[in-house]
Amino acid sequence: METKDMMMTSMLTMDKGENEGERDKEREDMGGEDDGTQRENGRLMLADGLADRGPKSMTSGSGQQVSNGFTTSTPQSPRESPGTAACAAGTASGPGGGTGSSAPLGGLRTLMVQQTSLDRPRETWSKKMDFLLSVIGYAVDLGNVWRFPYICYQNGGGAFLLPYLLMAVFGGVPLFYMELALGQFHRSGCISIWKHICPIFKGIGFAICIIALYVAFYYNTIMAWALYYLLSSFRPTLPWSTCTNPWNTANCNRYMSSDHNVSWSNTSTSPAEEFYTRQVLQVHLSPGLHELGSISWQLALCLLFIFTIVYFSIWKGVKTSGKVVWVTATFPYLVLLILLIRGATLPGAWRGVVFYLKPDWEKLLSTTVWIDAAAQIFFSLGPGFGVLLAFASYNPFHNNCYKDALVTSSVNCLTSFLSGFVIFTVLGYMAEMRQQNVDAVAKDAGPSLLFIIYAEAIANMPAATFFAIIFFLMIIMLGLDSTFAGLEGVITAMLDEFPHLLVKRREWFVFGLVCVCYLGALSTLTYGGAYVVKLFEEYATGPAVITVVLLEVIAVSWFYGTNRFCNDVQVMLGFYPGCFWRVCWVAICPCFLLFIIISFLAFPPEVRLFEYQYPPWTTVLGYCIGVSSFICVPAYMVYHLLNAKGTFKQRLLKSITPVPSGDSHRDFIVTNAV
């Protein structure tokens, strides 16, 4: 598809009656559309003044130059359709040159010609709620359920909420808002958007796509584990509640609440732990990363089913995924509410809640607490994965993304807090059963917290089968939302970058992408696959995506310019971002991200899973995987400078000069005609 810009300036001599006749004829030629009807490929608009047309007036001195290179008047009204600028009526002047609310006969007329495009119109969300639920579903993922409660009690309980909220207000939410505004204004994915911001940083978009693929390689495997649990739940006795199964060992200790004569020792293993490690993962068949073993065909089939659901949910775009999230984003909240009520009625639940929220203010003096708070809010809200840019690019141009950012980030943080009660009421119950302290029960973090501790607690409840089914359904749906979003970020980026090649072949491109993700995930389906998942989680995504977002903030705030970006927001929303947001974007957010990066390098995580201690060579491997995505940024900078024309100074200047965003908006030429 080629874009043609057709601009006309005419001198019209007509009286009032002739003008009305011309306008009627135009309406007939345009298929009977009235003045308020949107036409994507342009229209000729004749304005007679406020009395005839009704919109806001545009005077010659009121134009404002915005960063996309177009001249606009005051922001458009919210009721106007996306992609078209306000049909700002020209003022009609009488013989004396005065301006009136209606045009007298024989007065000046304003001819307004819209710049047109032959591009196919961009897809949009069917409803506003489709967008909000998609963003909430993306932000609220498995990390909210297993990571936040663990990080919270480990870092001072209720005292941790203070650094968490501070990091959210000054770091997480401003980044969240910035990405939504960028995507909505430029209406582009994470690759092509950089030509409108700072072309030399285009490598950030390619790095984001590679990181999203790495996430897809391991994240969906966790859903495959949950699906295995779900299928195993459709029986009267849950298989992880007994020690009489073929995979159980002599150390298996069935410690039900009714078995008061059974003692729990340090060498004891629960049936839930053995089901997870020896039946689902089968890690006992792999000595480590150097020998992963064979692929588990059961998990391979489970993952194939997960990716089949993913494909048919996103293959047609946001029109289909926007409908699916009405189930996948809302069902987890229903389950969390049910589990919270059930957990609150269990004996010992109060012990878990006290342990969860009891503040330990001395821990706030430790830098580890602040590092964990910053990392948790960053990965929870999820800027930097290209998802927010992609989702916002399908919004109407005047959608209030500021309000959306506040609402969705607040929902995300509150969900994390609520999940803590759901988890710790059950941990208090387990501690009561085993006559142990809560910290002894809650020693496991990550997936083990869900698949061992929580699964065992469910097995001890009345109606265990019902609670197991809805719990693992919730885990799957929490993961599906994030997978939809992550892959949609890649798809939108590639379709916007290569529209002539991919737009008409979206279904085949999505099919190929899903196949690549499935093949890349095969290593996580082996007997040692859990070790691979842990390696990807620790090294492949975390440091790389934080570095990418740091460069993104620097490019937008320092190269593109905060004032220019704020002007863009004003054109969209009708108000200029306040001083707080500008200071956050320029200084606080870069410091926030730099703090996380430096702390990660200064205190590298000690990677350990079950009894397996990761050897030093795996750390080198992990960093290589992380650098493999980030290397796109400097590589593209060199490529861009080598391919540009002119002297080095001219090349450098051109590489940091944004290209006007012609696809997002429409230009007008306004001429007062006699």
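Aspartate 481 lies in helix 17 (residues 464-497), where helices (H or I, at least four residues) and strands (E, at least two) are DSSP runs numbered from the N terminus. The model is predicted, so local features need pLDDT of at least 70 and side-chain atom pairs count only at pLDDT 80 or more, while totals for chains, interfaces and linings use all residues. Residues are numbered from 1 along each chain as its sequence is written, and side-chain values use heavy atoms, with hydrogens and water left out.

Aspartate 481 counts as buried because its relative accessibility is 3%; buried means under 20% relative accessible area, exposed over 50%, and partly exposed in between (1.4 Å probe, protein chains only). Leaving aside residues up to four places away in sequence, aspartate 481 touches Gly137, Tyr138, Val325, Thr328 and Ala329, a contact being heavy atoms within 4.5 Å.

Aspartate 481 is also one of the positions that UniProt, in an unreviewed entry, gives as "binding site": Gly137, Ala139, Val140, Asn144, Ser380, Asn412, Leu478, Asp481 and Ser482. These positions are spread over 346 residues of sequence but cluster in space, with a largest C-alpha distance of 13.4 Å. UniProt positions are given in the numbering used here, feature names are shortened, and annotations may be inferred rather than shown by experiment.

Valine 140, another position in that record, sits in the loop between helix 3 (128-139) and helix 4 (142-154). Valine 140 counts as buried because its relative accessibility is 5%. Its contacts, not counting residues up to four places away in sequence, are Tyr333, Asn412, Thr415 and Leu478. Asn412 and Leu478 are themselves among the annotated positions.

Side chains of opposite charge can pair when their charged atoms come close. Here a salt bridge is a side-chain nitrogen of Lys or Arg within 4 Å of a carboxyl oxygen of Asp or Glu, and by this rule the count comes to nine. In one of them, the side chains of lysine 323 and aspartate 130 meet at 3.2 Å, N to O. Lysine 323 is in helix 9 (residues 318-328) and aspartate 130 in helix 3, so the pair ties together parts that are 193 residues apart in sequence. Aspartate 130 counts as buried because its relative accessibility is 0%, whereas lysine 323, at 40%, counts as partly exposed.

Another salt bridge joins lysine 534 and glutamate 538, with the closest N and O atoms 3.5 Å apart. The two residues are separated by about one helical turn because they are four residues apart in helix 20 (residues 529-540). Lysine 534 is partly exposed, with a relative accessible area of 21%, and glutamate 538 is partly exposed at 22%. Glutamate 611 and arginine 608 form a further salt bridge, the closest N and O atoms being 3.7 Å apart. Glutamate 611 is exposed, with a relative accessible area of 70%, while arginine 608 counts as partly exposed at 42%.

Aromatic contacts come next. Rings of Phe, Tyr and Trp (its six-membered ring) pair if their centres lie within 6.5 Å; planes under 30 degrees apart count as stacked, over 60 as edge-to-face and the rest as tilted. By this rule the count comes to 56 aromatic pairs. Tyrosine 276 and phenylalanine 610 form an edge-to-face pair, 6.1 Å centre to centre with 70° between the planes. The pair links distant parts of the chain, 334 residues apart: tyrosine 276 is in helix 7 (residues 271-280), and phenylalanine 610 is in the loop between strand 9 (608-609) and strand 10 (612-613). Tyrosine 276 is buried, with a relative accessible area of 3%, while phenylalanine 610 counts as partly exposed at 26%. Both belong to one aromatic cluster, whose members include Trp225, Tyr228, Trp247, Phe275, Tyr276, Phe471 and Phe610.

On the surface, Leu162, Leu166, Val169, Phe170, Trp361 and Phe580 form a nonpolar patch with about 540 Å² of accessible area together. Patches are made of residues with over 30% relative accessible area and no salt bridge, like charges being joined within 9 Å and nonpolar side chains (Val, Leu, Ile, Met, Phe, Trp, Tyr) within 5 Å. Accessible areas come from the Shrake-Rupley method with a 1.4 Å probe; for residues, only the protein chains shown count as cover. Helix 5 (residues 161-186) gives the largest share of the patch, four residues. Phenylalanine 170 lies in helix 5 and counts as partly exposed at 34% relative accessibility.

For the protein as a whole, the secondary structure comes to 25 helices and 11 strands. Of its 674 residues, 57% count as buried. Among contacts between residues at least 6 apart in sequence, 82% join residues at least 24 apart. The protein exposes about 27,800 Å², and carbon and sulfur atoms supply 63% of it.
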